[in-house]
Amino acid sequence: MDLRHLRYFVAVAEELHFGRAAERLNMAQPPLSQAIRRLETDLGVELLHRSTRRVDLTDAGRGYLARARRILGEVEEAAHEARRIAAGAVGHLTIGCVGSATYSLLPALSRGLSLELSGVDFSFRGEMLVPDQAAALRTGEIDLALLRPPIADLSLTVLPLRRDRLVVAVPADHPLAAQRRVEVADLAGADLIVHSADRRSVMYDVVLGLFRDAAVEPRIRHEVGETSTLVTLVAGGLGAAVVPEPVTALALDGVVFRPLARPAAGVDLAIAHRTDRTEPHLARAVSVVRRIVQETGRAGGSSPVG
């Protein structure tokens, strides 16, 4: 059945006049009358009582009108939904965040995504290391990841966002807390807290690379899996740590952050998703996240990338 016949019938049933219905539909009256006759023939029932003076609905016509209105409403709603999906305005996305990015970015991301993609339902998972993020992206457990490159996975698209400077977190009563800046050499002999090597943390490699380049032997006392735990141990006086600058958003009592006296030293932040994921709402979210992250980075002193 042609949906046009339903629209024709609804117009006639509401106007109860073929002439007015034809005018409303912007068509001639004879084709409209013929279309309604064909509809009745196809159904095998009379929908309208016709006379020279008036048109009335039969009992069958009244029942058919109610269903026809619902069908046309569903069709219009489906079209509206399809347009919203194509525009990336609806859907659900889970974003997995590396710990050092979560603290400073999550408030801005939550607000920005909710405002700009109000029809998309977002959820966040924090304190994820890169290997866990990559695995979760592959399985679909998360849809997007804010992570620290490098990541060697050809099934993922990785887009650079910004470069975060490195800072040194020390206990408030540590001698280095009195310095304006800290050299890697100043950490020689100091107890260090680092991300876990067993969990293949990017920051573990970055920190060890700094010490190797400075020809300083690191004295690692604690390895942890989460950045929040790392900073908490610093606050407890158990050692110092090198962390990305956004971690300063934690602002725990007992912790002092000092710039690392190597301006070029830093760690990249990127957004990643499975390459075969092409949903419009995911693409829109990537665009919004990239802008928000770069704006947040400029405000916090990080350098935009890409």
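## Basis of the description

Residues are numbered from 1 along each chain as its sequence is written, and side-chain values use heavy atoms, with hydrogens and water left out. Because the model is predicted, local features need pLDDT of at least 70 and side-chain atom pairs count only at pLDDT 80 or more, while totals for chains, interfaces and linings use all residues.

## Pairing along β6

Strand β6, residues 156-171, pairs in the antiparallel sense with strand β11, residues 266-274, over 9 bridges (strands are DSSP runs of E with at least two residues, and helices are runs of H or I with at least four, numbered from the N terminus; two strands pair if DSSP finds at least two bridges between them). Within this pairing, R162 has L269 of β11 as its bridge partner.

## The largest nonpolar core

The largest nonpolar core has 24 residues, of which L109, L113, F122, L144, L146, L269 and V293 touch the most other members (a core is a set of buried Ala, Val, Leu, Ile, Met, Phe, Trp, Tyr and Cys residues joined through side-chain atoms within 4.5 Å; buried means under 20% relative accessible area with a 1.4 Å probe, protein chains only). Two or more residues each come from β3, α5, β4, β5, β11 and α9, and α9 gives the largest share, 7 residues.

Leaving aside neighbours within four places in sequence, the contacts of L269 (heavy atoms within 4.5 Å) include L146, V293, P160, R162 and D164.

How values were computed: Buried means under 20% relative accessible area, exposed over 50%, partly exposed in between (1.4 Å probe, protein chains only).
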